[in-house]
Amino acid sequence: SSGKPVAMLRPNASLGAALSLLVQAEVSAIPIVDDNDSLLDIYCRSDITALAKDRAYAQIRLDELSIHQAI
């Protein structure tokens, strides 16, 4: 193991924050955890890519939509 801390996000984090973390951590998925660090979901880079390609989300700014809203 590289000894890097595991990247985790809360459900109320913005999609912009999730994308930034995916890029910074150089990972393809991030666990979404509750206040007890229990796993709720896993958010993948492909999830954000799919949203970006979906015209219904074209007008939504990533920083204004939380992961919880997008899942």
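Reader: How many salt bridges does the count come to?

Author: The count comes to 2 salt bridges. Keep in mind that this is a predicted model.

Reader: What makes D35 and R10 a salt bridge?

Author: Their side chains meet at 3.9 Å, N to O. The rule asks for a side-chain nitrogen of Lys or Arg within 4 Å of a carboxyl oxygen of Asp or Glu, so a pair at 3.9 Å qualifies. D35 sits in the loop between strand 1 and strand 2 and R10 in the segment before helix 1 (15-25), so this pair ties together parts that are 25 residues apart in sequence.

Reader: Where in the chain are D37 and R10?

Author: D37 belongs to the loop between strand 1 and strand 2, and R10 to the segment before helix 1, 27 residues apart, so to speak, as a link between distant parts of the chain. Taken together, R10, D35 and D37 are linked in a network of salt bridges.

Reader: Why do such side chains pair at all?

Author: Side chains of opposite charge can pair when their charged atoms come close.

Reader: How do you know whether D35 is buried or exposed?

Author: Its relative accessibility is 69%. Exposed means over 50%, so D35 counts as exposed.

Reader: What about R10 and D37, which class do they fall in?

Author: R10 has a relative accessible area of 31%, and D37 comes out at 42%. Buried is under 20% and exposed is over 50%, so R10 at 31% is partly exposed, and D37 at 42% is partly exposed too.

Reader: What makes strand 1 and strand 2 a pair?

Author: Strand 1 (residues 29-33) and strand 2 (residues 39-44) share 5 bridges, in the antiparallel sense. Pairing takes at least two bridges, so 5 bridges are enough. As one example of who faces whom, I32 stands opposite D41 in strand 2.

Reader: What lies between the strands of that hairpin?

Author: There are 5 residues between the strands, and D37 takes a positive phi near 60° in this hairpin.

Reader: What pattern does the protein follow along the sequence?

Author: The pattern reads α-β-β-α-α, with 3 helices and 2 strands in the protein.

Reader: How much of the protein counts as buried?

Author: Of its 71 residues, 27% count as buried.

Definitions and conventions
Residues are numbered from 1 along each chain as its sequence is written. This is a predicted model: local features need pLDDT of at least 70, side-chain atom pairs count only at pLDDT 80 or more; totals for chains, interfaces and linings use all residues. Side-chain values use heavy atoms; hydrogens and water are left out. Helices (H or I, at least four residues) and strands (E, at least two) are DSSP runs, numbered from the N terminus. Buried means under 20% relative accessible area, exposed over 50%, partly exposed in between (1.4 Å probe, protein chains only).
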